[in-house]
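Hi,

Here is the structure I promised to pass on to you.

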Amino acid sequence: MLSVDVWRGTREGRFQAFQVPRRENQTVLDVVTEIQREQDPTLAYRFACRVGMCGSCAMVVNGRPRWTCRTRVSEVAHDGHLRLEPLRNFTVVKDLAVEMTQFFDKWHAARGYFEPGPQPATNFATVPPATAERQAADAGIECIGCGVCYSACDVVAWDENYLGPAALNRAWTLVNDVRDQENDARLKAVSGESGCVACHTHMSCTKFCPKAIAPTYAIAGLKRAVLRRALRGRA
Ligand code: SF4
Ligand code: SF4
Ligand code: FES
């Protein structure tokens, strides 16, 4: 049997203990689903794809943020114990489900969306895979928006306005997208005191990202680009 402590409540709450049978190849998400289906249907949590694509199942597992559908119990519960909490740095909706609105509002604030300009190209662009820009964009493009990096970032905990690693990583992929026409506005958007300059290079985002993305390096790239823009005299 696994002994599982699960956070119940919102900001205020308590841990509730459950016992769940061990099963072969069991994931942490399997454990939460079994509790909800077999023991307490009022338990709130979130998932969609179960295969590491949608980014909705992240939680804090034994003290560190993880995607739970791709985390096997055998990797994390060495003493037969799991402690499950909602992601840090998010408002808790209920139990293990968090509010993602602020997280995605920050993607928008960082202009983390493709801007083709007033006259979008009618043909497909040819972007050779070996170019530095293409490689920088490709390095961060597989982000699934899970919030693990945001949950792990101390600067987000200190400054609720900090745009955070995921939004800044997204901005960096677009800065390197040779088709995008609004990079000056994007660099301006990420250059404020709660933008890329606020990153303290703690590397927690890069250490915990389940997609092996390195937001720390993306943010370092943004810092250089913002500095170059300032040296050109742009306000
Ligand atoms: S490297 Fe920057 S964004 Fe990443 S966790 Fe550290 S402070 Fe946050
Ligand atoms: S950068 Fe990684 S940890 Fe952060 S939201 Fe994207 S996939 Fe998740
Ligand atoms: S359920 Fe979709 S990433 Fe885990």
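Below is what I found, going from the overall picture to the details.

Please keep in mind that this is a predicted model. The chain has 235 residues, and 47% of them count as buried. Its C-alpha trace spans about 60 × 35 × 30 Å along the principal axes. You will find ten helices and seven strands in it. If we take the contacts with a separation of 6 or more, 63% of them are between residues 24 or more positions apart.

Five strands form an open sheet in the order β2-β1-β5-β3-β4, and the pairing is mixed. The edges are taken by β2 (13-20) and β4 (64-67); each has a single partner strand, so one side of each is left without a neighbour in the sheet. From one strand to the next, the twist averages 35°.

As you know, strands of a sheet pair through backbone hydrogen bonds, either parallel or antiparallel. β1 and β2 are antiparallel and share eight bridges, and a hairpin connects β1 to β2 through three residues. In this pair, Leu-2 stands opposite Val-20 of β2. At the other pair, β3 (residues 58-61) and β4 run antiparallel and are joined by four bridges. There, Met-59 has Arg-66 in β4 as its bridge partner.

Helix α1 (residues 28-39) lies across β1 (2-9), β2, β3 and β5 (81-85). Relative to β2, helix α1 runs at about 90°.

Now to the ligands. Which residues are closest to ligand 1? They are Cys-153, Tyr-162, Cys-199, His-202 and Cys-205, out of 13 residues that surround ligand 1. Two helices, α9 (204-208) and α10 (215-231), each supply at least two residues of this shell. By class, the shell around ligand 1 holds eight nonpolar and five polar residues, with no charged ones. Cys-199 has 12% relative accessibility and therefore counts as buried, the cut-off being under 20%.

Ligand 2 has around it Cys-143, Ile-144, Gly-145, Cys-146, Gly-147, Val-148, Cys-149, Ala-166, Cys-209, Pro-210 and Lys-211. This shell divides into eight nonpolar residues, two polar and one charged.

How many does the count come to? The count comes to zero disulfides, where a pair would need its cysteine sulfur atoms within 2.5 Å. Another cysteine, Cys-57, has 4% relative accessibility and so counts as buried.

Tyr-150 lies in helix α5 (residues 148-152). Is Tyr-150 buried or exposed? Its relative accessible area is 1%, so Tyr-150 is buried. Beyond its neighbours within four places in sequence, Tyr-150 is in contact with Asn-89, Phe-90, Gln-102, Phe-103, Lys-106, Val-156, Leu-163, Gly-164 and Pro-165.

Asn-89 is found in the loop between β5 and β6 (92-94), and at 24% relative accessibility it counts as partly exposed.

Met-203 also has a positive phi, near 75°, and is a residue other than glycine. The loop between α8 (183-189) and α9 is where Met-203 is found. With 30% relative accessibility, Met-203 counts as partly exposed.

Finally, have a look at Arg-229, which has its place in helix α10. Why does Arg-229 count as buried? Its relative accessibility is 5%, and buried means under 20%. Leaving aside neighbours within four places in sequence, Arg-229 is in contact with Asp-184, Leu-187, Lys-188, Arg-234 and Ala-235.

Happy to talk any of this through once you have had a look.

Best wishes

How values were computed. Residues numbered from 1 in each chain as written. Chains lettered and ligands numbered in written order. Predicted model: local features only at pLDDT ≥ 70, side-chain atom pairs only at ≥ 80, totals over all residues. Heavy atoms only, no water. Near = heavy atom within 4 Å. Nonpolar A, V, L, I, M, F, W, Y, C, P; charged D, E, K, R; others polar. Buried < 20%, exposed > 50% of the residue type's maximum accessible area, 1.4 Å probe, protein only. Contact = heavy atoms within 4.5 Å. Pairing = 2+ DSSP bridges. Axes fitted to C-alpha atoms, helices over the stretch in contact; angles between N-to-C directions.
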